[in-house]
Amino acid sequence: MLAAWAIGTSSFEGIDWTTLAVLALLSVIFESAPALLNSKNASVSLSYSAGLASVVLLGPAGAAIVGASAILAWRRDMGLVKRLFNGAQFALAGYLSGVVYIAAGGTTGKPSDGSFPGIIEPYLGAVVTYVAVNLALIGVVLVLTKTAPVWGFRWRPIGNLAAGQLAYGMFGLLVAAPWGLIGPFSAVLVLLPMLLARWAFEQTSAQQQAHAATIAALCQAVETKDYYTRGHSERVSRGSAMIAQAIGMRPERVGAIRYAGMLHDVGKLGVPTKVLQKSGDLTEEEFAAIQLHPMRGLEIVREIGFLDEALAGIMHHHEKIDGTGYPMGLAGSEIPEFARVISVADAFDSMTSTRSYRAARSLEEGIAELRRSAGTHFDPGLVEAFIAALESEGWTQPDPVAPPEGEDVETTQQDHDDPSAPLRVASEGVR
Amino acid sequence: MSAPASAPVSRPGRQRPAWQSLDSAQLLLIAVAGMLVIASVTQVGAVGLKDSRTAILFGGLIAVGELLRMIMPGNREVAPIASAGALGYALLLRVGSEPATHSAFQAVTVTACGTLIGALPHIAVGRIPALDAMARRILSPALVAFVFRPLGHSSLRQHWPLLITVMALTVMLACLAEVVVAATIRAEAAHTRFGIALGDEIRAKMPLCASSGATGMLIAVSMFVMGPVALLVFTAPILVTQVAFRRFAGIRATYLQTVRALSRVTEVGGYVETGHSRRVSALAVGMGRELGMTEEALLELEYAALMHDIGQLSLRDPIPGGATVLASPSEQRRIAGLGAGVITKTGVLHEVAEIVRRQSEPYRAAEGSAPPLASRVIKVANAYDDLVGASSDRDRSAAVLERLRGDSAAEYDPTVVEALGHVVDRMR
């Protein structure tokens, strides 16, 4: 309503209708295919550039019309109401930032030789207004439709969104600057690299998903050897990420620990099946073979361009805080953080899954066991962080499995991950 | 869309100095670039540098761009920001109210100096640039400068739409020339057909060529309006492009590394001989090139070859020696099916799964269509490596080739076996 009023009451004298038509067209095109900015929800479209270019070239009224053209955006996933809202939102943002631009001393029209650098200050004002009005309107709608709480917005994603919008908004000046010389061609020259960049970002995120899916599938293939440990890697990966988020790791590190958790037992394949499935006591040699599996895992994944941290996490995930773990017998803070995190998730999943020699323990029993071994086996801080995360996010225990019928069923008779039922080694008793 | 591994199949044990490993086309290109640079520097030295401030600004931008150079999939070295800067300087006609009257020779000199300065830090830490790529980064803007600068100084400069069209055409011409040269070099180095190499090169290079070209033109035009500030401001869009493509190249490389690394689980588990997956994939990719597959198809072939034995993970006991060629046909088919099942679970690599599924089928099947080319290639490469292994015994490899030839027409595709012969010859 407000937007319609703004358009209706302003004067249209001196507006270059060709410029307006071109910018409106651009706005429609870009609004039809917004770019995803890292996350699924925060999409920024290049129409911000068109909208702000129109502030300089056309003034408030023109900017409002260019903004309103977003109504025509061709998007299947958007209802008419949402489109109307978007159009009104952009129109209002365009109008208000146009007013700010002029109030700050900017002149409307094609920039000429003398426009720089004086134009920059009013333009900054216009960009900030444009982004602020857009965010505020979106915020109001989210609150009204009760998809967001009135208080307690999560500020970080909003900050990212605003940064992306400000950057895209700045490109509007780049579009406007050479417009006087080469007209609409300037929009093509500025926005072509941006469109290609957007394409590359999309390709990148598709490849990232494919990469994660491929790792998951290959880890599953490794697990099929043992009926009882299916899904273990995936759950350890999830658990490790839960701990990592709970202790406030940066997103890249959380991503890396996801992979490390997924791949932590890949070296188990190097342990002969007969050792994994042995029901009696292990000989020293067989125990040595099991102790070697983190190193085997490292050998396999070393060449992947991971963070070194992820590799250290895989190599040391069986170290214990008191220094009695393997392969190196590191203690306390000598153990890399990733390894300490993975070790907690690993043991917890092992205890709460069914094994051939016992039924799955309940989550409470698993938590109690973690608490009991905190300080000797596990890092107490990480155990508490995990328990807190379990309470807020929950945990999906694997379905109780019954081994398939038939005689050649492959099962593990001892689980090296299970702290509550340590491996039995012939000469030295329990480990 | 792009490339597995680096160009040719590596030749272990024969390290040669860098300049000896260059092909004749590369040497020619580097020589041309070198001579042009020397001629330009001499010419500029004789007449003196015009408008040194602008020259230094552009030289600096090119140096920074060169410093930020990156490797795209297929081992293609690119420096989009440097290219944009060089093109911008070649197309520059006026800075603010001052006309820019520098000659094409000066444009080449500035580009070359910027490129060399930007390359120095890389060389200092031991990263030697790909000389042919560097030569192309100098020659392509040079072409634009020599074509455009004489035109730009004529009466054309008063007439904007025409001028901008000429700019665009010149830049496209330079892009095209660069792609053709790059394809010629690649075809020679990787033993690919020229047509295939050209297609690959166009697909791989066009986005960045277009971005650099657009930004170069934008810089040249906006220098009219904004003066030297334009140089800083208008590199922003291509900076975003650079970041985006660098990320893309990064994830592509990681993906390939992951598949290569994880393909070794079959070796660690004792299912196949050490190095089997990699040798099969190296052979298969070499054969695929020989058979005229595009980079896109080669990447799928490489993934499939690396994972072709993944199905063995589901076996209770490893096949003795891991050689699937010695297993019964039904067993081979079962392993292929299991492997394809694993790959299908990724939800993305459908083509790769299909290649792995059909790898054990004979070339002349009694019923149904022949398996896809990639499957036929893997079948031959796998059989060869199962029988020869890591051995470098020539007689043994010749005997195995002979045996595969004997089986061809029924079991193996004869043209694929011939491609194997060529690849094996080259590796000796």
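1. Let me start with the layout of chain B. The centres of domain 1 of chain B and domain 2 of chain B, taken over C-alpha atoms, are separated by 43 Å. Domain 1 covers 18-250 and domain 2 covers 263-427, with bounds that come from an automatic or database domain assignment. Their contact takes 8 residues from domain 1 of chain B and 5 residues from domain 2 of chain B; two residues are in contact if their C-beta atoms, placed from the backbone, lie within 7 Å.

2. A word on conventions. This is a predicted model, in which local features need pLDDT of at least 70 and side-chain atom pairs count only at pLDDT 80 or more, while totals for chains, interfaces and linings use all residues. Residues are numbered from 1 along each chain as its sequence is written, and chains are lettered from A and ligands numbered from 1 in the order in which they are written.

3. Now the interface between the chains. Here 54 residues of chain B are in contact with 48 residues of chain A. On the side of chain B that touches chain A, H9(B) gives the most, with 20 residues. Helices here are DSSP runs (H or I, at least four residues), as are strands (E, at least two), numbered from the N terminus. By class, that side of chain B has 35 nonpolar, 13 polar and 6 charged residues. In this scheme Ala, Val, Leu, Ile, Met, Phe, Trp, Tyr, Cys and Pro count as nonpolar, Asp, Glu, Lys and Arg as charged, and the others, Gly among them, as polar.

4. Chain A has 17 helices and 4 strands. Among contacts in chain A between residues at least 6 apart in sequence, 70% join residues at least 24 apart.

5. Helix H10 of chain A is worth a look. Its 13 residues (251-263) should span 18 Å at 1.5 Å a residue, and the end C-alpha atoms are 19 Å apart, which agrees; the expected span is 1.5 Å times one less than the number of residues. Buried residues of H10(A) include A:Arg253, A:Tyr259 and A:Leu263. The buried residues of H10(A) pack against H8, H9, H13, H14 and H15 of chain A.

6. On to the cores. The largest nonpolar core has 236 residues, and those with the most contacts inside it include A:Val344, B:Ala284 and B:Val380. Such a core is a set of buried Ala, Val, Leu, Ile, Met, Phe, Trp, Tyr and Cys residues joined through C-beta atoms within 7 Å. Leaving aside neighbours within four places in sequence, B:Val380 is in contact with B:Leu404, B:Tyr412, B:Val416, B:Val417 and B:Leu420.

7. The peptide bond from A:Tyr326 to A:Pro327 is cis, with omega near 5°, and A:Pro327 lies in the loop between H14 and H15 of chain A. Although not a glycine, B:Asp51 has a positive phi of about 45°; B:Asp51 is placed in the loop between H1 and H2 of chain B. B:His191, also not a glycine, has a positive phi of about 55° and is found in the loop between H6 and H7 of chain B. With 17 other C-beta atoms within 10 Å, B:His191 is partly exposed.

Notes: Buried ≥ 20, exposed ≤ 12 C-beta atoms within 10 Å, placed from the backbone.
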